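This briefing concerns helix packing in the structure shown below. Please read it alongside the sequence and the coordinates.

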Amino acid sequence: MSETMAIREELLKRFIESGERERLQEILRSKLYSSGWQDRVKDRCQRVVHENTEGIEKLTVDDMAEEVTPYARSAVPEDVKTEILEDIRAFIFRALPESEN
């Protein structure tokens, strides 16, 4: 395993074990909810179901995910993306050994 991969795995382990991942997931859920993102994604899902010409019986979860995921990702407000990424960067900076900073 390369040194980069080892560092990456160690950071991920610390991210999970420290509770930081769960904390950031909760912040993300809250911000997405308050921004109306969940309602917009739900509306898109309903539109996909209604526009499906093969009938609801033929629509799979994979089909739905393929249709909705790109929209859902692009619909995340930029300020939410920026805040979460800044928090992740701050965690990485704190978690890296001093020689890596």
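Which residues in H3 meet which residues in H4? Trp37, Arg40, Val41, Arg44, Cys45, Val48 and Val49 in H3 meet Met64, Glu67, Val68, Tyr71 and Ala72 in H4, where contact means heavy atoms within 4.5 Å. The model is predicted, with local features needing pLDDT of at least 70 and side-chain atom pairs counting only at pLDDT 80 or more, while totals for chains, interfaces and linings use all residues. Residues are numbered from 1 along each chain as its sequence is written, and side-chain values use heavy atoms, with hydrogens and water left out.

**Helix H1**
- Helix H1 (residues 3-17) has 15 residues; helices are DSSP runs of H or I with at least four residues, numbered from the N terminus.
- From its first C-alpha to its last, H1 reaches 21 Å, close to the 21 Å expected at 1.5 Å a residue (1.5 Å times one less than the number of residues).

**H3 with H4**
- H3 and helix H4 (residues 61-74) pack at an angle of about 145 degrees, with their axes 10 Å apart; axes are lines fitted to C-alpha atoms over the stretch in contact, and angles run from 0 to 180 degrees between N-to-C directions.
- By class, the contact of H3 with H4 has nine nonpolar, no polar and three charged residues (Ala, Val, Leu, Ile, Met, Phe, Trp, Tyr, Cys and Pro count as nonpolar, Asp, Glu, Lys and Arg as charged, and the others, Gly among them, as polar).

**H2 with H3**
- Helix H2 (residues 20-35) and helix H3 (residues 37-51) pack at an angle of about 70 degrees, with their axes 5 Å apart.
- H2 is therefore roughly perpendicular to H3 (65 to 115 degrees).
- Leu32, Tyr33 and Ser35 of H2 make the contact with Trp37, Gln38 and Arg40 of H3.
- Three nonpolar, two polar and one charged residues form this contact of H2 with H3.

**H2 with H5**
- The angle between H2 and H5 is about 170 degrees, and their axes are 10 Å apart.
- H2 is therefore roughly antiparallel to H5 (over 145 degrees).
- The residues of H2 that meet H5 include Leu24, Ile27 and Leu28, and those of H5 include Ile84, Ile88 and Phe91.
- Eight nonpolar, no polar and six charged residues make up the contact of H2 with H5.

**Glu86**
- Glu86 is found in helix H5 (residues 78-95).
- Glu86 is partly exposed, with a relative accessible area of 48% (between 20% and 50%, with a 1.4 Å probe and protein chains only).
- Glu86 and Leu28 lie 58 residues apart in sequence and 13 Å apart in space, C-alpha to C-alpha.

Note on methods:
Helix = DSSP H or I, 4+ residues; strand = E, 2+ residues; numbered from the N terminus. Parallel < 35°, antiparallel > 145°, perpendicular 65-115°, else oblique.
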